[in-house]
Amino acid sequence: MNRRARTAALTAATAMALSAALAAPATAAGPVAAPGGHDATKRAVRAAVADGVPGVTVTARQGHGTWAATAGVGNLETDKPRSARDHYRIASITKTFVATVVLQLEAEGELSLDDTVEEWLPGAVRGNGHDGRRITIRQLLNHTSGIFDYLRDSGFQEKYMTADGFMKHRFDQTEPEDLLAIAMRNEPYSKPGEKFTYSNTNYILAARVIEKATGSDDYGDEIDRRIIEPLRLTSTSVPTTRVTLPRPSSRAYSKLAEPDTGPTYDVTELNPRLAYGSGQMVSSSADLTRFYSALLGGGLLPPEQLKKMRTTVESSRETSRYGLGLVDRKLGCGVHVLGHDGGISGSNSDAVTTENGRHSLAVNFNGDWSGSTDAIIEAEFCGE
């Protein structure tokens, strides 16, 4: 079968799977109760606010129903409450979207996970022991490349993560090559394939691979075409340099300090291109539950690629393992949930679903210094 025919066949198969995954009725105008109740989740949400988070918004999708709740405030000056429809920056949850597109391209025969980074991005990974000739796309997606995380560079942290630096540079215009250059100034963490070390640089590179493989000017165009539009994720976007959030949205707050003490800063406006493919996207809790339900329900990837996405390596967390842009987390009650978390200045998010995609949860805090999304996930899926 030639490439064009193979792509057409995959598109048709994906469309059929997507229709099945989304066969449930559209969400009602107001949240409806899903079976089993969510009392434990409500308590965990309130506890997060009591612990210091300004506000929380959470949505659960289960069966044919959705349930949503909020607590706390979305604006510390006006005491305006949070909304279940809030848009927010999803940070590293972006990685699951990026990995999904890469796996779709593999299914279409456009690339192989065993291709080296050098084959697609000649010369991009060189310097201080980094060598893209020895690193595969798979190793980018599961964080076993050993490539240094540009967010850990001391100069980057001083410029963008301190109070003075953030306020001066939050609207800076950067390009992916700028971020890669920062990473290459540092030594790699390990040899390729040797061990898991989380690195945002991996997904800067994965996004660039998408652009090279598709001829798109921006990887976000492929996420729009392949995921956002088919799933009708009306609150989800890959903003380029837009510094504000779509409405409705809450303000986002940070301490911009280690430890997390001192003044609270409004950090809502920032240039998301500083994160690029590692964490650039905006979404809502309802959209994220829809995305993960469709993904794990087989609506976005053929079985072979979904199996690869779910093939995990040991991670830095005792209770979780990392696949290809997907975290497999074992909860206290033994239930496995799959998804991703994401943190960026002023926003802390988590989105997970059960192994069959039938029960999903997404939660966001509009403060990045306290509270536990883990406790809310445990409450929803374990009732504790």
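Student: What should I keep in mind about the model and the numbering?
Tutor: It's a predicted model, where local features need pLDDT of at least 70, side-chain atom pairs count only at pLDDT 80 or more, and totals for chains, interfaces and linings use all residues. Residues are numbered from 1 along each chain as its sequence is written, and side-chain values use heavy atoms, with hydrogens and water left out.

Student: How do you know that the span of α10 is close to the expected one?
Tutor: The expected span is 1.5 Å times one less than the number of residues. Helix α10, residues 219-231, has 13 residues and reaches 18 Å from first C-alpha to last, close to the 18 Å expected.

Student: Where is the kink in α10 centred?
Tutor: On Arg225, with a bend of about 35 degrees; that's the angle between axes fitted to the seven residues ending there and the seven starting there.

Student: What makes Ile223 of α10 buried?
Tutor: Buried means under 20% relative accessible area (1.4 Å probe, protein chains only). Ile223 is among the buried residues of α10, as are Tyr219, Ile227 and Leu231.

Student: Which classes make up the lining of the largest pocket?
Tutor: There are 19 nonpolar, 21 polar and 10 charged residues. Gly counts as polar, and Gly343 is one of the lining residues nearest the pocket's centre.

Technical notes:
1 Å grid on protein atoms, 1.4 Å probe; cavity = no way out; pocket = protein on both sides within 12 Å on 5 of 7 lines; lining within 4 Å. Helix = DSSP H or I, 4+ residues; strand = E, 2+ residues; numbered from the N terminus. Buried < 20%, exposed > 50% of the residue type's maximum accessible area, 1.4 Å probe, protein only.
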